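Dear colleague,

Here is the structure I said I would pass on. My notes on it follow below.

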Amino acid sequence: MRTVGIELLIAVDMIDAGKPGRDELTLAEQTGRIAPITWFVVEQVCDLLRRTPALQDVSVSVNLPMPQLQIPGFLDRLNRITEEYGIEHRRICLEITERTFLEDYDAAKAYAISLADIFGEDNFYLELQDHGIEEQRPVNQGLMRISRET
């Protein structure tokens, strides 16, 4: 067995250690202040991939709130960062956050279609996750519905 992908997350249960908790991350998403956090994570992922030879064939998923992609210059900045670290685009997987699907299915569907258009059909996929988290059940149902409808 070999690893083909991993996901980098900010722990939401470490608020006592001075790290952002679920409420802080939700607030950052809702107020449009999630961008610096997302860019920090993208840079950390690129650095990890660059300095870890054992991960040369591994992709890393990064959560991407819907408003992030709508920021002017998002793709240009993503390209600059991956080029700076010498990382192929296929090794960074952008994952739409669950909140996107829970709040507005039609917007989530439009977002998924726009991502497929931007990154190309061969570089975009819908991934089901089941970690026993209640939020994931309706998200997975929404993902399957999008898959059927597009």
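Helices α6 and α7 are oblique to each other. Their axes cross at roughly 55° and come within 11 Å, with α6 covering residues 105-119 and α7 residues 136-149. The crossing of this pair is right-handed. On the α6 side the contact is formed by Y105, A108, K109 and A112, and on the α7 side by G142, R145, I146 and E149. Sorted by class, the residues of the α6 and α7 contact are four nonpolar, one polar and three charged.

Please bear in mind that this is a predicted model, so everything here is computed from predicted coordinates.

As for the overall layout, the protein has seven helices and three strands. Read from the N terminus, the order of elements is β-α-α-β-α-α-β-α-α-α. The protein has 150 residues, and 35% of them count as buried.

The crossing of α2 and α4 is right-handed. From α2, the residues in contact are W39, V42, E43, C46, D47 and R50; from α4 they are F74, R77, L78, I81, T82, E84 and Y85. The classes in the α2 and α4 contact come to seven nonpolar, one polar and five charged residues.

Which rings pair up, and how are they tilted? Searching the whole structure gives one aromatic pair. It consists of W39 and F74, whose ring centres are 5.2 Å apart. Their planes stand at 35°, so the pair is classed as tilted. W39 lies in helix α2 and F74 in helix α4, 35 residues apart, and the pair thus links distant parts of the chain.

Are these two residues buried or exposed? W39 has a relative accessible area of 7% and is therefore buried. F74 is buried too, with a relative accessible area of 3%. Both W39 and F74 also belong to the contact between α2 and α4 described above.

Regards

Methods. Residues are numbered from 1 along each chain as its sequence is written. This is a predicted model: local features need pLDDT of at least 70, side-chain atom pairs count only at pLDDT 80 or more; totals for chains, interfaces and linings use all residues. Side-chain values use heavy atoms; hydrogens and water are left out. A crossing is left-handed if the near helix is turned anticlockwise from the far one by less than a right angle, and right-handed if clockwise. Helices (H or I, at least four residues) and strands (E, at least two) are DSSP runs, numbered from the N terminus. Contact means heavy atoms within 4.5 Å. Ala, Val, Leu, Ile, Met, Phe, Trp, Tyr, Cys and Pro count as nonpolar, Asp, Glu, Lys and Arg as charged, and the others, Gly among them, as polar. Rings of Phe, Tyr and Trp (its six-membered ring) pair if their centres lie within 6.5 Å; planes under 30 degrees apart count as stacked, over 60 as edge-to-face and the rest as tilted. Buried means under 20% relative accessible area, exposed over 50%, partly exposed in between (1.4 Å probe, protein chains only). Axes are lines fitted to C-alpha atoms, for helices over the stretch in contact, and angles run from 0 to 180 degrees between N-to-C directions. Angles under 35 degrees count as roughly parallel, over 145 as roughly antiparallel, 65 to 115 as roughly perpendicular and the rest as oblique.
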